[in-house]
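Biologist: I'd like to learn how to read a model like this one. Could you walk me through it?

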Amino acid sequence: MNTSMVESKFLSHPGELGVVAVGFSGGQCKPGVDAAPSALIESGLLSQLHSELGYKLHGDDQVHLYTDLVPADDPPYRNMKNPRAVSSVTKRIADQVYSHAKEGRLVLTLGGDHSIAIGTIGGTAKAIRERLGRDMAVIWVDAHADINTPESSGSGNIHGMPVSFLTGLSSETNEDFFGWLRPDNLISVKKLVYIGLRDVDSGEKRILRENGIKAFSMFDIDRHGIGRVMEMALGHIGTDTPIHLSFDVDALDPMWAPSTGTPVRGGLTLREGDYICECVHETGSLVAVDLVEVNPSLAPANDIGAHETVRAGCSLVRCALGESLL
C-alpha cells in the first residue's frame, strides 16, 4: 500500500508501479545518457519507492539497452540521425509501457534521452484510450520544446522532435521510421502543456504559436511564480483528464543538474521542479512519469555534478510519486 494520501482518479491499481529502465542514447550525439537508469537505481531510487513510499514494483529488475534493435548501418532519413534505431527502440518502449499501463498501474520510465518519449507517451496514450475511453494530457517540463519536425531541425537529433511525432505534426508512413505510430498512440495539441522553456528554436516558436499550444516559459515563471503557473497549467488541462508527466532534468538550472547533455542557464530551482511534481501528484490524475536526460558521464572526473544531478532526478521522481515535506 503506497503512502500517498491522494486518491487516484484513473488507476485501478494505484499502489503498483511499472518500471521501465531505458538505457538508450540514440536520439542525440553525446554518449553517457544511457547509463542514467543504472545510476538512478544504484543511488537507491527504486528501493526508496518501495520501502518509503510503499509501491509494489513491477519490471524493475533490468536496464534495457536495446542493442538487438540498433542496426549496423543507420543513415539519415528526412534529416533524422539514427532513424531506424530510434524508431525501433521507441516502438518496443511503447509496448513495454503499454503492458504496465493497460493493467491500471502507474508507469515510471527512467531514460535515456528524450526521444524515448515517443515510446512512453505512445504506450500510455494507447492504454488510456483502451482502458478509459478518453484522451490523455501531457505536461512536458523542459528547457527545450522538442517539437521540431525532421525538416525544421537544425541538428537532426531526434530528441528534439518527439512532440512533433506524438501530436501528428510530423508523420511518416514507413514503419521503419515511426510509421508504426497509430492514432491511438497520439495526443492532442490542446492537451499539451509546456513548463520551463527557455531555449526554443525559431521554427518551434512558430509551431507553438500556429497550433495554440499552452507553454509557460521561464519568463512566465519569473512573472507569476511557480504556484500560479501550476494553477494555470492544471486549469488548462482540467480535472477530468489523465496526465503523463515527462520531465527532462535540463529544465532545472545547471546549478542543480549540471550533468545533462544540453544545459541552459536560467532554469528552475530544484524546489520549483519538486513543486511541479508535487502539484501533478496532488491532482490524482497522474498515470505515468518519465525522467530523462540525466547524463552522469558529462561531469568532470571527481566532480560532484553527476552525483548532484542523479540526486535531483531522484527527488523529482519521489515528489511525483507522492513524497511530501510533512
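Modeller: Here is a short tour, from the whole chain down to one residue. This is a predicted model, where local features need pLDDT of at least 70, side-chain atom pairs count only at pLDDT 80 or more, and totals for chains, interfaces and linings use all residues. Residues are numbered from 1 along each chain as its sequence is written, and side-chain values use heavy atoms, leaving out hydrogens and water.

Biologist: How many helices and strands does the chain have?

Modeller: Helices (H or I, at least four residues) and strands (E, at least two) are DSSP runs, numbered from the N terminus. Here there are 10 helices and 9 strands.

Biologist: What does the radius of gyration tell me?

Modeller: It's taken over C-alpha atoms, and the globule rule is 2.2 Å times the number of residues to the power 0.38. For 326 residues a compact globule would come out near 20 Å, and the chain's 18 Å agrees with that. Its C-alpha atoms fill a box of roughly 50 × 50 × 45 Å along the principal axes.

Biologist: What share of the residues count as buried?

Modeller: Buried means under 20% relative accessible area, exposed over 50%, and partly exposed in between (1.4 Å probe, protein chains only). Of the 326 residues, 60% count as buried.

Biologist: Which residues is Glu-16 in contact with?

Modeller: Contact means heavy atoms within 4.5 Å. Leaving aside neighbours within four places in sequence, Glu-16 touches Tyr-55, Lys-56, His-58, Arg-105 and Leu-106.
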